[in-house]
Amino acid sequence: MKTKAAVIWGPNEKWQIDEVELDGPREREVLVKLTASGLCHSDYHLVTGDMPMPYPVVGGHEGAGVVAGLGPGVTGLEEGDSVVLSFLPACGQCAYCARGMTNLCDLGGAVILGPQLDGTHRFHARGQGIGQMCLLGTFSEYTVVPQASVVKVDNGTALDKAALVGCGVPTGYGSAVNAGEIRHGDCAVIMGAGGIGVNAIQGARNAGASYVVAVDPKEFKRDKAKEFGATHTFASAEEALPAISELTRGRLADACIVTTDNAEGHQVGEALTLVGKGGRVVVTALGHPADTSVTASLFELTLFEKSIKGALFGSSNPRFDIPRYLEMYNAGLLKLDELITTEYRLEDINEGYDDLLSGRNIRGLIRY
């Protein structure tokens, strides 16, 4: 079939809307008609070349829609089912899945390779195969994905809102609750109040943190952070430090979640200064693959037993957590509507990313 898709053909180029050929689903693959796709900053790494992925690529890794076709061997799904796409596939059989660490499934090694799991492409244009961001390619009204990336949800689910639960919500929320282990009475700091950060704020708030401190240079994002549960906001870590010390009577924060647009080495050191003894720094933001420099006090790291860890997908389990977050939304315990700042047509995707980079968006949404 033919479908329109937003394709990045090379580094430092704009997204181009092309009519592309889409093959049908093969063994254990699913054809999905997308309802909506979120504009996540991770896809912008394709534009800058920071994502080590071969071009060309159909972007998009945060989406939800309806099953439109099934390949051989697919079980548990039928045409017409409502689904959310997880940007991390989960096979359920590898050692990591067996240990409950499905966000680290062995299939995840394929998410930045370009082709599908069997090494062949489903999208084609200009005489060549086109890769799919995280095996998904949600910047297209139709896409073919592995069944391992499909999470069935209740029919009748608001799929435009559910799209956000494919990446941003569990990544942020889980970074605070799962990786950050934020508990009742804690002081939590969130560095970066964008689409991931505000969900980390929601997680910290729901976990019972007494103080949820948002740090972001953009006033718009600091104002939005308060709507999602931030008790205090500051423009920089330097500005936040004395206030955090006063709030906690000198103990400083229990956890700091780094959800900035890009992870920079100096931010780890800043985060470590904001947490006290036994404090936890969780790095969720994605850094440049060639950047190996981190500036931090090793003296404090050891003597104060501070820790630094990474978090992928918020250490979440897609098949368990995606439906759970939607249940929380239905129960009024999780904000999804408020995450969507602006809706766009697929043709306006470059405008959407301009808005994101300028700090005017918490989450932009492409509605098909």
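In these legends a residue is called buried when its relative accessible area is under 20%, exposed when it is over 50% and partly exposed in between, for a 1.4 Å probe and protein chains only. The views show a predicted model, in which local features need pLDDT of at least 70 and side-chain atom pairs count only at pLDDT 80 or more, while totals for chains, interfaces and linings use all residues. Residues are numbered from 1 along each chain as its sequence is written, and side-chain values use heavy atoms, with hydrogens and water left out.

**View 1. Asn-103 sits in the loop between helix 2 (95-98) and strand 7 (123-125).** Helices (H or I, at least four residues) and strands (E, at least two) are DSSP runs, numbered from the N terminus. With a relative accessible area of 9%, Asn-103 is buried. A polar atom of the Asn-103 side chain lies 2.9 Å from the backbone oxygen of Leu-312. Once neighbours within four places in sequence are left aside, Asn-103 is in contact (heavy atoms within 4.5 Å) with Leu-88, Leu-312, Phe-313, Ser-315 and Ser-316.

**View 2. Six strands form an open sheet with parallel pairing, in the order 13-12-11-14-15-16.** Strand 13 (232-234) and strand 16 (307-310) are the edge strands, each pairing on one side only; two strands pair if DSSP finds at least two bridges between them. Neighbouring strands of this sheet are turned by 20° against each other on average, direction ignored. Strand 12 (residues 211-215) pairs with strand 13 in the parallel sense over 3 bridges, and Val-215 has Phe-234 in strand 13 as its bridge partner.

**View 3. Helix 8 (residues 265-274) lies across strand 11 (187-191), strand 14 (253-258), strand 15 (275-283) and strand 16.** The helix runs at about 145° to strand 15, where axes are lines fitted to C-alpha atoms, for helices over the stretch in contact, and angles run from 0 to 180 degrees between N-to-C directions. The axes of helix 7 (residues 237-247) and helix 8 come within 9 Å and cross at roughly 10°, and these two helices are therefore roughly parallel to each other, a term for angles under 35 degrees. Ala-237, Leu-241 and Ile-244 in helix 7 meet Glu-270, Thr-273 and Leu-274 in helix 8.

**View 4. Glu-62 and Arg-363 meet through their side chains in a salt bridge (3.0 Å, N to O).** Because Glu-62 lies in the loop between strand 4 (57-58) and strand 5 (63-70) and Arg-363 in strand 18 (residues 363-367), the pair ties together parts that are 301 residues apart in sequence. Both Glu-62 and Arg-363 are buried. The structure holds 20 salt bridges, each defined as a side-chain nitrogen of Lys or Arg within 4 Å of a carboxyl oxygen of Asp or Glu.

**View 5. Asp-160 and Arg-367 form a salt bridge between their side chains (2.7 Å, N to O).** Asp-160 lies in helix 3 (residues 159-162) and Arg-367 in strand 18, so this pair ties together parts that are 207 residues apart in sequence. Asp-160 is buried, with a relative accessible area of 10%, whereas Arg-367 is partly exposed, at 36%.

**View 6. Glu-227 forms a salt bridge with Lys-224, the closest N and O atoms being 3.5 Å apart.** The two residues are separated by about one helical turn, because they are 3 residues apart in helix 6 (residues 219-227). Glu-227 is partly exposed, with a relative accessible area of 43%, and Lys-224 counts as buried at 18% relative accessibility.

Terms used
A polar contact is a pair of N or O atoms within 3.5 Å; within protein, one must be able to donate a hydrogen and the other to accept it, and residues adjacent in sequence count only if both atoms are side-chain atoms. Angles under 35 degrees count as roughly parallel, over 145 as roughly antiparallel, 65 to 115 as roughly perpendicular and the rest as oblique.
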